[in-house]
Amino acid sequence: MKNQLKYRFIGVLTVAFSLGSCNGFLDEEVFSQLAPDNYLNTKEGIESVLTDGYARAANMNSNNSIYVLAPQEWPTDILYQSGDNVERDARNFIDFNWDPTITFIGNNWDAPYQCIRDANTLLESIGNANVPEAEKPGYIAEFRFLRAISYYKLYFMFGPVPLRTSTTGELQLARATDEEIKAFIESELIAATADLPAPGGEAAYGRAHKGAAMGYLCKFYLNTKQWQKCAEIAKQLIDNFDYGLFSDYQTLFSVENEQNEEYIWVRPAFASSDRSTANSWSNTAFPDNFAEAPALGVSYLPTYVNWPNEFRIYDSFYESFDPTDKRRNLLVTSYINSSGETVSLLGNDNIRSFKYLPDPGAQGASHGNDIPEIRFADILLARAEALNELNGPTQEAINLINEVRGRAGVDDLQLADFTGTEALRNHILKERGWEFYSEGHRRMDLIRMGLFISNAQSRGKTNAQAHHVLYPIPQAVMDSDPLLVQNEGY
Amino acid sequence: MRRILTRFVLLACWSLTIHHAMAQTTVTGSVTDADTGEPLAGATINVVGIVGSVTTDNAGSYNIQVSSLTDKLQVSYVGYQTQVVDINGKTVLNIRLALEDEALEEVIVVGYGTVRKSDLTGSVTRLGEDDFNKGAITSADQLIAGKAAGVQVVQNSGEPGGGISVNIRGVGSINAGNSPLYVVDGLPLDNSSVVTGSGANFNGMRTTRNPLNSINPNDIESIEVLKDASATAIYGARGANGVVIITTKSGAAGGLQVNYDAYAGVQNVAKKVELLGPNDYMNTINAIIDAGGGSDAQRVEGIQDGGTDWLENVYQSDAAIQNHNLSFSGGNERTTFLTSLNYYDQQGVLINSRNKRYSARLNLEHNIQDRFKLGVSLSTSYVRDQYVPNGMDLNERAGVIYAAMNYDPTLSLYDENGVYTLSKDMNIDNPLAIGNGKDALSNLYRTFGTVYGEYQLAEGLTAKLNIGGDVISQRRDTYVNRLTIEGNAAGGIASILQGKNSNYLAEATLNYNRTFENSSLNAVAGMTGQRFINDDFSAEARGFPADATGTNNLNLGDPTTHRTSSGKSINSLLSYLGRVNYTYADKYLITAALRIDGSSRFGTNNKFGYFPSLALGWKMNEEDFLKNIDALSVLKLRASWGRTGNQEIGNYQSMSTFGGGLKYVYNGTQVTSTAPSRIANPDLKWETSEQINIGLDFGFLQNRITGTLDWYTKDTRDMLLSLPVPRSTGFSSQMTNIGSVQNRGFEVMIATANLTGPFKWDSNISFNTLTNTVKNLGGISNIITGSAGSTGQIAIIREGDPLHSFYGYEILGIWQENDDFSVTDDNVNPGDIKYRDINGDKVVNADDRVILGNSFPDFIWSFTNTFSYKNIGLYVFFEGVNGASMLNNNMVDTYFPANLKRNRLAEPLLNRWTPNNPSAKYPSFVSPNAQGQKTVNSYTVEDASYLRLNTVRLSYQLPLKGNALRSATVYVSGQNLLTVTDYTGYDPALNPNGSANFRIDWNAFPSARTFLLGVTIGL
């Protein structure tokens, strides 16, 4: 009996000690994540990471939909913000006293670089992936497209940034020169255009196509003032594809008219409770106790959320419109509140942009309106502007502008009304404001025309100085790489 | 080798069985108390070396059969020293037992064994029941808060069951855990959170709830805190943050003992913060608008129904607390047991917060044979936690305190429709809608314990097998109902988060104990493996037909809103350990230990680490030259060196994997994606700490004054640092081993018997200093880190300064009307804050930031006094912290409000600068952000030093001679009675940021002042 017990005990001890010989005991087994060795070999793996790349480029998670737009419009003559927590940061944008620590700059840096990371990872993996050879050039073109548009966004926010084209290089990386980054964006977009499918031929709406790549190239040439190239590529876009103006400006941006002939590239939104692909605009557009905007047929649904974070349109911008301009109709100047009273928003810079008409299927703060990044009207006006810069006012330029005006229901411009390049340029700036407010183009339009600072000064923003045309590199980014040099003035 | 061992064991067993065949004789007598002569009923008597025992009757008499009158009797009784008596031919033997003298007999539990206190070479603080904190105690860490020098216990929240940070000897790590390892009855606990999410639209707390809540503090017999490396090295890669060994009570041979303890009491917010009342708010806001700080549209037009004191509405006054504990213990010389039941119920001082615990324990030990012992130590508990949103968040995620502090006091509680009034100025729900409209309930079940067998293989050689397990299962339900803005928009939001953390331990050790003529040896060697398996699952739905079903039928929600997620991870530790204690001439002590630890968490190139230690002790009082000094009872010098590790980082940090990416929209529908998770680091390994400790134990005047002094220096290198990597990589950080941090300190603990005799007064003093210095950051100039709401870049980590030093702007005062404004190019006006322009370039910007303090106290102290006179006892406990700073982020909200129409702390606003009141301290608040958000500054970083009368307890022991009751005591106690501090927030001792040495106070769940009435009864 005793011996048995003892042997049993020693037996158990032996088993316990022999645990040590189990080599696998310390192997780290992965359950909820995927190991790189076998994941990027598959088409599914490639597509899944590519989807993340598109998501980073769109940058629509949580409130990013509007906080990507905010730095493009808050410092301009169209839009400002007040109310709620955001006001503290918004004031810095509005008053031109932002510094590298301000929020909403960081998410304009990180998301594009995460997209670039994904694209570089995919470019390095596609060669050995189990994907039919014939499909590879198409994939590669998508990766290069994503990477190029990310650098495009970074460049116009921060100036020349570090040019990272592989995942294996040194971690620390100095900024590229202005020429390097511009050459990269241009050549990559050209290369991507070649292998991308024609618009409509992409595997799913939301993936890249020739029109998108050419659209970015056109906007790149426009904002870098390469007028000839801009005019040419705009013409190709106009001539080669079936893009056109959507007939009704007022409902162009509503959910039911998405995937229309005018949208060349969008940041796609879809209403969901996790707000991972959300358009948050309406939450900031609804005024106090909003119940109804009869002019637009919009009623407040119980599923909506009305934030005290208010995006407000300056009266002066509203007043700049031709009263017959249909585009002005999306600016709400009076509404019915929940007590049934009609409230006017005129007179104290409190007009609201309902450009993204509230989504009937909204889930709380999440609306499903896609946000256009490039639409056909932009290409028309880009060509008009380029032609004006090259040749002064011409009938062709005027016609292009009139196409856009026609849809808005306002009178045609006459060539005779414009005495020179500057006069038409000034009009194009106004026209672009009327056409593209709430779409995040205003800052670049003003900068391109050399008016960003003077416009701010004239609005009493005495802090505005020349260096404000570039945002500072976020402090956290500066802290992370000693090779980076901050933009001058910050 | 094994065969020899087997034979040896066989021989040993055989030799013991021989005795059985002998003839029998009877020995009788009585057992009495050596001091009083009173008979001891229930004392155990057995013949040494023979199985079987008898107990004394009520008169203390016994009667036992012995085989020979040359045998020895062993006599034991709870609370008395066990005696072995030579029968020496007598048949009547009266035995007098002396009370245990704890100071002499104290045995210290160290990892994988015990040592006599006098033989201890390392720095270990033992706290027994008498030393524990008194009053309402939720968890084991609260028992020792303030009682052990070098152990910092900081509450993260005044919430029932709220988290607690414990740091032993400072902080050695930036990104890995800094909590000590807890070992309960030989089982190292995994205290990681089971459920990490907080539920949809329910704001998350920054800190986890206290995982030690599931252990009943009443079950705890002693807590040993292992501080120096010679004590902790035996726990290797988990030893660097110190080790807390918890030993639970066990039964003793003798009659059944029944103990019942209970208390009940009330709690109230100990200190309230002063906000602007309705009139002050209206006048102040309107005056600021008059001064140009706002537009007419923002003017406060009137007060609805007298306004509302929002904080008062979310406080729960006279929150109830009660605790009941019932235990049974006893046994005979072969089997001892203890079983206990506990019920604990505490309401919080905020509405709808409550924590309940039901727990049971069984500790059982049985001697199968003389050499073979089996035991089990098992605890099971159910913790039910109800809580309100609170913590470090804002906007729609705000908790009740943040909402109540920011909400407009001129609003009425309800609007004209009878629903909670909403402010139009902020995206924050009505504080009561948050408190009553966001329900959260967590049910946590934990069962853990060990089963062990111990076999004496040979004289002095024992083998032990210890098998342990721990299973925690938790489910958290949150429901955001239609009282809230979000719940109303979504038609109710229900979330269920479920998780299970389990681990098992298999451990085999050999113990060798041998006494030689002039020396003794104690050695242990073993092997241990522990594997941790965690999984979780959560589901969420919205859009319910009614709120009534809550989280109980997710299927009723809108199917398009259903969301699920799940995860699983495993990590393992495999270790070999050994330790030798050698004592020569009872004067010279040496301890050497080594642990070899392997962890799955680390890179393939660094799976195993080696953690050695060495300690020396010299009992100087045993030397001839000191032996004759009467006043000197104990004088022992100790010195130790050792190396320990810290492996507390998440799983999979060394590998590059692909995890969940962002969602995107293809063809108008959402799709999921995957993204690279991190930059891999195959060289990743533990943090290594090397610690030197020099200590002195002393006792004077027959140990009326005893104490210990310790000085240590602990250098942590290869810090596990989430190193910021250039953000252009698409990543923000990479887990690396880099840099070093040093913690140094001096610790004193003194116990004195000030008065003896009928009126007794005992004191305990604990005092320690702490200096933390970042020694090396591996080439990075600094790391700026920390955030709370909109406040970012709070602290700096740089060489030569303490970790997480507050980094911001020094405020000189307020710009006055006749100041010389030519010294600045900044846009400032009279009444604005005047910051120090460090570099004199006329512009105050990021280059002008300076260190404003740090969270490490210069010293921490406590002073415990126990008075007794006859049956009356009085316990008075003071404690304090000096020289620690804390960022008061509610003060940040006051100086840098999100917008004008936020309520704020009253004092700065009511005494603000105006042309007629040119305050030198408070600004005008007209343009708070004009100079940028210089939120971390010398106003918002406050001195969090304090002195506190922590606990007073008055007890009366009922005179019960000859009664059926063995003992009965009634008491009243008060906790958190008085605090002296300059700190303006709720409590300088609370740190909602969670890390004891990086203090950020924001929306703290306030601390309670507690009064209890209690009773302890022994049957």
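Guide: What follows sets each label against its definition.

Guide: This is a predicted model, in which local features need pLDDT of at least 70 and side-chain atom pairs count only at pLDDT 80 or more, while totals for chains, interfaces and linings use all residues. Residues are numbered from 1 along each chain as its sequence is written, and chains are lettered from A in the order in which they are written.

Visitor: What makes A:Ala134 count as exposed?

Guide: A:Ala134 has 7 C-beta neighbours inside 10 Å, so A:Ala134 counts as exposed. A:Ala134 lies in the loop between helix 6 (106-125) and helix 7 of chain A. Helices here are DSSP runs of H or I with at least four residues, and strands are runs of E with at least two, numbered from the N terminus.

Visitor: Why are the buried residues of helix 8 of chain A said to be on the same side?

Guide: The buried residues are A:Ile181, A:Ile185, A:Glu188, A:Leu189, A:Ala192 and A:Thr193. They cover an arc of only 135° around the axis, so they are on the same side of helix 8 of chain A. The arc is that of the directions from the helix axis to the C-beta atoms. An α-helix has 3.6 residues a turn, so residues three or four places apart point the same way. The face turned away from the buried side carries the exposed residues A:Glu179, A:Glu180, A:Ser187 and A:Ala194.

Visitor: What makes strand 41 and strand 46 of chain B edge strands?

Guide: Two strands pair if DSSP finds at least two bridges between them. Strand 41 and strand 42 (residues 791-797) of chain B pair in the antiparallel sense over five bridges. The open sheet has the order 41-42-43-46 in chain B. Strand 41 (783-788) and strand 46 (850-853) of chain B each have a single partner strand, so one side of each is left without a neighbour in the sheet.

Key. A residue is buried if 20 or more other C-beta atoms lie within 10 Å of its own, exposed if 12 or fewer, and partly exposed in between; C-beta atoms are placed from the backbone.
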